Amino acid sequence: MSKSASAEPQAPGATLFGLMSSLLDALDKPLLVTDRSGRVLFANLHAQNSVQWDAVADGAQPNLFRDVLHVDAKGLFGQLEGGEQEVDLQIQCGGAPARARIRWLPEPDWLVIFAEPAPNEVPADQDQMRQTVHDLLQEREITYRNLLAAYLRLQEVNRQKTVFLGSAAHELKTPLAVMKGYYDLLLSGSLGNLTEKQRDILQESKHSCDRLVRLVSTFLNYTALESGKLVLQFQDNDIRDCVNDMAVRWKEAFRRANVHLDLILDEKLPVFKFDYPKIQQCVTNLVDNALKHTPAGGKVTLQIQTQFWERRISPITPTKERRAGKRPQPNSILVSVTDTGVGIAAEFHQEIFEDFVRVDPSSSGMGLGLAITKRLIQAHHGKIWVDSEPGRGSSFKFLLPMKVEVYSYA
């Protein structure tokens, strides 16, 4: 099959024809140009080498419609003249199935045929695999949406729980304050002398009332933390006064439990900015826990001292030995509450700081004290941890920076 069906190219256009032929030969796809009768006017090298023609009789001219496309010429032109820009047909190209894209050039009334490999048919097993993957993706999407809906419902239930706790705590706060005031008034003797038995009963009632007041305070602080409405009041305070005030209020409770409270305060404790009632509550929660888990005859030690807290802001290794340099100045306060109780296993050292977690189910309390303490300490840009072993007691410690700053950790 020749490149052109013209007998002899015109001399003036011979050079241009040769140039165009070379350019079309450079195409990486078979290209054919025919007239309305199906006579091939041009075929590039790819078409000559790959398009498969049916056998024709000797001396007969090959016809594109009859010998390659196997279609009726009138029907094909009817589609193209009816408005279709391109018609796709299946042909054989290089012994393999191919797709012929046919376009019509109205002005010269020619057809331009591009041939390209036919899309590979997907084997049945691959088609089934794709369907399986599609089904799994759909199932995962449905599962994700169900989980998201369940999460949103849990968030709403948690919000309602927080609102309920806050409302209940506010309702209990006022009557408890009134009850506590009357107990103090009766025990002071202002309303008359009391017998020893009456005083003991009132002391026991006042002790229970104080527990309820602490429980209500715990609920109020928890709801404030959960709702993000907690505001800390950073003012210059003396942590000695904060701890001594707390220790005086707990003196009677330790005497009744036959547990000794040892208070050790550093002589050089400075005045620094912190929220007085919130830090006092943190110390109170730790002391309360220590008292609960210390048997009669035991001891609880509350110690406060200055400390140098090296925050790891950069992973760069120091260029010189630390011990050779000047000793750093204290920049934080270390508060530790150590007891001689039963101790805590290592696997619970992180869990006990979560909401509503109690290692000993038989102990009293709601499991919120340590969770609230941790959040309050973190709000002061400090940190809290526990050192404990079963049978050797526990030591809860937290650090408070003397200067409240926002640190970025590496």
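Phe272, Phe274 and Tyr276 make up one aromatic cluster. Rings of Phe, Tyr and Trp (for Trp, the six-membered ring) are taken as a pair if their centres lie within 6.5 Å; planes under 30 degrees apart are called stacked, planes over 60 edge-to-face, and the rest tilted. The structure is a predicted model, in which local features need pLDDT of at least 70 and side-chain atom pairs count only at pLDDT 80 or more, while totals for chains, interfaces and linings use all residues. Residues are numbered from 1 along each chain as its sequence is written, and side-chain values use heavy atoms, with hydrogens and water left out.

By the ring rule, the count of aromatic pairs is 4. In one of these, the ring centres of Phe272 and Phe274 are 4.8 Å apart and the planes stand at 40°, so the pair is tilted. Phe272 and Phe274 are both buried, where buried means under 20% relative accessible area, exposed means over 50%, and partly exposed lies in between (1.4 Å probe, protein chains only). Another pair joins Phe353 and Phe396, with centres 6.2 Å apart and planes at 75°, and is therefore edge-to-face. Phe353 is in the loop between β10 (332-339) and α9, and Phe396 is in strand β12 (residues 394-401), so this pair ties together parts that are 43 residues apart in sequence. Relative accessibility is 6% for Phe353, which counts as buried, and 7% for Phe396, also buried.

Charged side chains also lie over aromatic rings; the criterion is NZ of Lys or CZ of Arg within 6 Å of the ring centre and within 35 degrees of the ring normal. Arg36 lies over the face of Phe77, at 4.1 Å from the ring centre, and Lys383 over that of Trp385, at 5.3 Å.

Helix α8 spans residues 276-292. Helices (H or I, at least four residues) and strands (E, at least two) are DSSP runs numbered from the N terminus. The 17 residues of α8 reach 24 Å from first C-alpha to last, close to the 24 Å expected at 1.5 Å a residue, the expected span being 1.5 Å times one less than the number of residues. Of these 17 residues, 14 are buried, so α8 is largely enclosed by the rest of the structure. At the start of α8, a side-chain oxygen of Asp275 comes to within 3.2 Å of the backbone nitrogen of Lys278. Such a polar contact is a pair of N or O atoms within 3.5 Å; within protein, one must be able to donate a hydrogen and the other to accept it, and residues adjacent in sequence count only if both atoms are side-chain atoms.

Asn285, in α8, is buried at a relative accessible area of 12%. A polar atom of the Asn285 side chain lies 3.4 Å from the backbone oxygen of Gly369. Leaving aside residues up to four places away in sequence, Asn285 touches Gly369 and Thr373, contact meaning heavy atoms within 4.5 Å.

The structure holds 0 disulfides, a disulfide being a pair of cysteine sulfur atoms within 2.5 Å. The sulfur of Cys282 is 9.1 Å from the closest cysteine sulfur, that of Cys242, which is too far for a bond. Cys282 is buried at 0% relative accessibility, and Cys209 is buried at 2%.

Positive phi values occur at Asn258, near 55°, and at His381, about 65°. Asn258 is in the loop between α7 (239-257) and β7 (260-265). His381 is in the loop between α9 (369-379) and β11 (383-388) and is partly exposed, at 26% relative accessibility.
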